[in-house]
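Take a first look at the structure below. The report after it goes feature by feature.

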Amino acid sequence: MKAMERLLHYIGILTPSDEKSETHPSSACEFHLAEELVRELQALGVSDAFVDEHCYVYGHIPATEGKEDCPAIGLIAHMDTVSDFCEHTPNPQVIPDYDGGDVKLGESGRVLRVSDFPHLRSLARQTLITTDGTTILGSDDKSGIAEIMTAVERLSEVPHGPVCVAFTPDEEIGRGTDDFRTDVFGAKYAFTLDGEAVGEVQYECFNAASATAKFHGNNVHPGSAKGVMVNAALVAMEYNEMLPKVRRPECTSDYEGFIHLTEMEGSVAEATLQYILREHDKEILRGMKEDMALSAKYINEKYGEGTVELDLQDQYQNMAYILEDYPEVMEVARKACENLEIEPISVPIRGATDGAILSFRGLPCPNLGTGGYAFHGPYEHATAEGLDQMVEVVLEILRIFAE
């Protein structure tokens, strides 16, 4: 089965994770895909494939005869998707011999425009897979799953050492490794397939933190409010305006970090702002947290102590701090791309993968592209050829490690 066929099948199984849930996995629907993948792995000869109580899928493929002493290599992708634009099952458009121009997304009124996504020109003459404009596609990260499963099906084509496969839940809400068992997985090195462009070999990601600012107002009748009322919603707006505008994600790129307001709610009496903070340099991230704390201090001095409560929490670190000690892992991935005449691309991840946390748990785990683009919204797209190329990259990585 081709990787595209698998992708189209998997995206028909809705798996949005739920940030507000306290269970793990956060949504029961993730088990539907997990159980499907276990059945498929077993049908492909991965006899020990199973899904555990927390919705982690594990499977192991023995080495080719004579390659038993080669390092065990892991392949990881996540099963969940974001919850936005996920109200119903995707109805993807498949466009053979794409002309490289703008694409009307069904009858949604949305258009996938080259002016917004200039890389579309480089996808001309390929088979383009898009949404109909009303949902996400689910390429993040079902493209990675499709590529791993297709590589497993074709493993007999290359000599290889032991191969470990895992599919994780809840990556999109930052819980993808909460109950991941590295001892059960058993790999020495691993790769997440969770990036975008074909050829990406990524070993740097953000350091990350979250912030919750809760504002407490003084709600009195507006007719007698002068000098008494403190409008929590307005104070929240004032606080947000104190943060540097140049640190918003829409103003940053490459190695530049950001403070991103993700959610807001409020009234005169109470208001809450939710933020995520991202920065490749941990010292700069510390300065961003200090800016937020200083702004909170100013608000409390102006309106009274306790007007704002700021909760800052660290989330994950830049995996480069670990992977810089394992350059051979990235070099194998780059060599695999070069052997296939694919230009390797090492750009910083403006986000993270499960591999970021796993690297700090002793499993060096860089990230590979999947041939998918514009994740997390209705403009998400991929190509059949990109999926197939990444299957070849995976097989070539396994072959090189077995040399």
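Where is the place of P25? It is in the loop between α1 (3–10) and α2 (30–43). This is a predicted model.

## Cis peptide bonds

The peptide bond from H24 to P25 is cis. Its omega is near 10°.

A cis peptide bond also joins D140 and D141, with omega about 15°. D141 sits in helix α3, which covers residues 139–153.

## Positive phi in a loop

Now move to the loop between β16 (372–373) and β17 (381–383), where A374 is placed. A374 is not a glycine, yet it has a positive phi of about 55°. A374 counts as buried, because its relative accessibility is 16% and the cut-off for buried is under 20%.

H376 also lies in the loop between β16 and β17. H376 is not a glycine either, and its phi is positive at about 80°. Is H376 buried, exposed or partly exposed? H376 is partly exposed, with a relative accessible area of 40%.

## Helix α5 and its buried side

Helix α5 spans residues 232–242. Its buried residues are A232, V235, A236, Y239 and N240. These residues lie on the same side of α5, because they cover an arc of only 140° around the axis. An α-helix has 3.6 residues a turn, so residues three or four places apart point the same way.

What do the buried residues of α5 pack against? Their partners are the strands β11 (207–216), β12 (258–266), β13 (270–279) and β14 (308–316), together with helix α6 (282–303). At the N-terminal end, α5 is capped by N231. A side-chain oxygen of N231 lies 3.0 Å from the backbone nitrogen of A233.

## A buried glutamate

E204 is found in the loop between β10 (201–202) and β11. Its relative accessible area is 15%. E204 is therefore buried, as the cut-off is under 20%.

Which residues does E204 touch, leaving out those up to four places away in sequence? They are Y255, N318, M319, A320, P348 and I349. With Y255 there is also a polar contact, side chain to side chain, at 2.7 Å. K302 gives a sense of scale. E204 and K302 are 98 residues apart in sequence and 40 Å apart in space, C-alpha to C-alpha.

## The second largest pocket

The second largest pocket has a volume of about 170 Å³. Its lining consists of N207, A208, K282, E283, L285, R286, K289, D314, Q315, Y316 and Q317.

## The cavity

How many cavities of 30 Å³ or more does the structure hold? It holds 1. About 30 Å³ of space lies in the largest cavity.

The largest cavity is lined by I11, L14, T81, C86, P90, I136, L137, G138 and K142. By class, that lining has 6 nonpolar, 2 polar and 1 charged residues.

Terms used:
Residues numbered from 1 in each chain as written. Predicted model: local features only at pLDDT ≥ 70, side-chain atom pairs only at ≥ 80, totals over all residues. Heavy atoms only, no water. 1 Å grid on protein atoms, 1.4 Å probe; cavity = no way out; pocket = protein on both sides within 12 Å on 5 of 7 lines; lining within 4 Å. Points joined across faces, edges and corners; volume = space filled by probe spheres on them. Nonpolar A, V, L, I, M, F, W, Y, C, P; charged D, E, K, R; others polar. Buried < 20%, exposed > 50% of the residue type's maximum accessible area, 1.4 Å probe, protein only. Helix = DSSP H or I, 4+ residues; strand = E, 2+ residues; numbered from the N terminus. Arc of directions from axis to C-beta. Contact = heavy atoms within 4.5 Å. Polar contact = N/O pair within 3.5 Å; in protein donor to acceptor, adjacent residues only side chain to side chain.
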